[in-house]
Amino acid sequence: MVTKVYVPRETAAVSVGADDVAIAIARCAKENNESIELVRNGSWGATWLEPLVEVLVDDKRIAYGNVEAGDVPALFDAGFLKGGKCDKRLGAIDEIDYLINQDRWTFWRCGLSEPLNLDDFRAHQGFKAFEKSVEMGPAAVIEAVKKSGLRGRGGAGFPAGIKWQTVADASGDQKYIACNADEGDSGTFSDRILMEGDPLGLIEGMMIAGFAVGATRGYIYLRSEYPLTHKVLSKAIDLARDSGWLGEDIQGTGVDFDIELHLGAGSYVCGEETAMLESLEGKRGIVRYKPPLPAIEGLFGKPTVVNNVVTLASVANIVNLGGEKYASFGVNRSKGTLAFQLAGNIKRGGLVEKGFGITLRELIEDWGGGTASGRPVKAVQVGGPLGAYIPAEQLDTPLDYEAFIEIGAMVGHGGIVVFDDTANMAQLARFAMEFCAIESCGKCTPCRIGSTRGVEVIDRMVAGVEREANYDLLVELCDTMEDASLCAMGGMTPFPVRSVLKYFAEDFAVGTDE
Amino acid sequence: MTTEAYDKQTASEIIASFDARSEMLVQILHQFIERFGWISEDAIRQLAEELNLSRADVHGVVSYYHDFRTEPPGKHVVKICAAEACQAMGSRDLEAHAAKQLEGDDITVEPIYCLGNCACSPAVMVDGKTFGRVSNERFDDIMASLGESG
């Protein structure tokens, strides 16, 4: 009898030894004359349990957590191929609270299916939504996306259906789908988990988008910091093309659509949609003026849908299950689910896909189990390096685009970075400015010069040089950057800085006034 | 990191594999880095010529992106994540530790802003491979294992 063993091939799991675990399992199986089928699945997103190994026993996937290569012989001794008990055993994967209490709409195949197995993808509803889309017709697909209330998951939160409608209505001999996979925000990794765990799911989402707006070419702009993702995604694209799911006249439907994968080159600002388009054209990633919107004049001057990975991947189930069903998750104008990412100083870090409206406290305490250090939470940065530092007193704020704007913060791409009480917030405010100085594309002055001046002013404050005058100067600088920058890079760098001034001002007071 | 010396013929073949499309410049530069380790003045001149761009255009792109180094790297390249999530888990200490440990070695150490491994902070990339939960001790182990494999 052949026993199926799952070991994720996903960046986080591999970064803590999953490849070595897979090798050790194969070797031990051979030594013990056990015949196994080793499946490299994606990650379920319970990153704190990685490497998380599963064994299929009587149709149940039994999970073992935090398995190291050195543990493998003992696992075999404990009869792990039959689900044997030992201290690494977590029980059946579909009984783990962290996973079953989620609303898995977009990430449901991650961990479950085999990322690079087309038959397995088809067995898990793969391409069913594309086939249904072709039956429904473009207008009905766009209508479903509108009804779902799906907003851009890259961070800006623009309604996806309206963007699609704009591109569908725009005139042009060529239109494009540009998938933004330049997931640069610290604390975020949901795009990566999806692309590594369900790459064909993203491809299907892009195919649906292409069909809906009349685009025959798609581009994925993937950041170069994700080399494993690049391998998986390249293979998935080849697999889809070789089996007739990409290219001309896909499966006899008459639909043409193909995808080209591009690598970024380490520039954070290329996650901004117009800078990304410049980079896709092979140029410096300099932000463009808007208007014209990319939906009207995008890639190579043609109408272009620019959507984030998670946005596109969410569409398949919207087509399958209906926009209304998706909209039944969430609150107010934040409909549906978001893949929150628990990161930084957190005990149980990982991905939690949940309907909007859940509070930061629920995510950090119930899912995350508090800080990794066991010390009190001091601050939480949500939405990447341009997001405000939220003090512990505000943890009961519900995750909702508008509720976050009200407290001067942003939901962004759903990354939640936790800091304990040892964090030096003045240092983090300085870092916000420093990062902006390093990554600014340089087109507009407030961002290019303002960020450098920001670092200098904060240094003077920390050194205790004319602290009050420099405080006023910093506030004024933040006003200028916010009001006059061309894009969110310079325009939102003041958010984390201001939040530190507002809630953690005492952290500046280490020096003494002259 | 195994790279070879710059060679005009090889470079031409790489450019041709992208049909000499100028919009593929960023992608071609990646291949150059993979092959030659860095972007030389010769490479810039050849790219300009074969992609029908000005040298200023090519230089502009090369200098814009962090990935396109214009000097040969050390024997190994160590990138330590310096972004917020890793800072929350002590990456500043790790950075200082690495600088001390690797002082004088032929190893390029540079910051990187997010490896997307933020639930396993601090994260480090060594010769293109990502490592998570990198304590100072684990960092030393990783570097020692490189020495063994040459």
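This is a predicted model: local features need pLDDT of at least 70, side-chain atom pairs count only at pLDDT 80 or more; totals for chains, interfaces and linings use all residues.
Trainee: OK, in what order do the five strands of the open sheet in chain A lie?

Mentor: The sheet is open, and its pairing is mixed. From one strand to the next, the twist averages 25 degrees. Reading across chain A, the order is S2-S1-S3-S4-S5.

Trainee: Which strands of chain A stand at the edges?

Mentor: Look for strands with a single partner strand, since one side of each is then left without a neighbour in the sheet. In chain A that picks out S2 (36–39) and S5 (89–92).

Trainee: Take S3 and S4 of chain A: do they run parallel or antiparallel?

Mentor: Strand S3 covers residues 53–57 of chain A and strand S4 covers 60–64, with five bridges joining them. One pair to find on screen is Leu56(A), standing opposite Arg61(A) in S4(A). The two strands run antiparallel.

Trainee: And what angle does helix H2 of chain A make with S2(A)?

Mentor: Helix H2, residues 18–31 of chain A, packs on the sheet. There H2 touches strands S1 (3–6), S2 and S3 of chain A. Its direction makes an angle with that of S2(A) of about 175 degrees.

Trainee: Over to chain B. How far apart do the C-alpha centres of its two domains lie?

Mentor: Chain B is divided into domain 1 (8–64) and domain 2 (76–149). Their C-alpha centres lie apart by 30 Å.

Trainee: Which element gives the largest share of the side of chain B that touches chain A?

Mentor: In all, 35 residues of chain B are in contact with 44 residues of chain A. Elements giving two or more residues to chain B's side are helices H2 (25–36), H4 (55–64) and H5 (84–87) and strand S4 (129–131) of chain B. By class, that side has 20 nonpolar, eleven polar and four charged residues. The largest share, four residues, comes from H2(B).

Technical notes:
Residues are numbered from 1 along each chain as its sequence is written. Chains are lettered from A and ligands numbered from 1 in the order in which they are written. Domain bounds come from an automatic or database domain assignment. Two strands pair if DSSP finds at least two bridges between them. Axes are lines fitted to C-alpha atoms, for helices over the stretch in contact, and angles run from 0 to 180 degrees between N-to-C directions. Two residues are in contact if their C-beta atoms, placed from the backbone, lie within 7 Å. Ala, Val, Leu, Ile, Met, Phe, Trp, Tyr, Cys and Pro count as nonpolar, Asp, Glu, Lys and Arg as charged, and the others, Gly among them, as polar.
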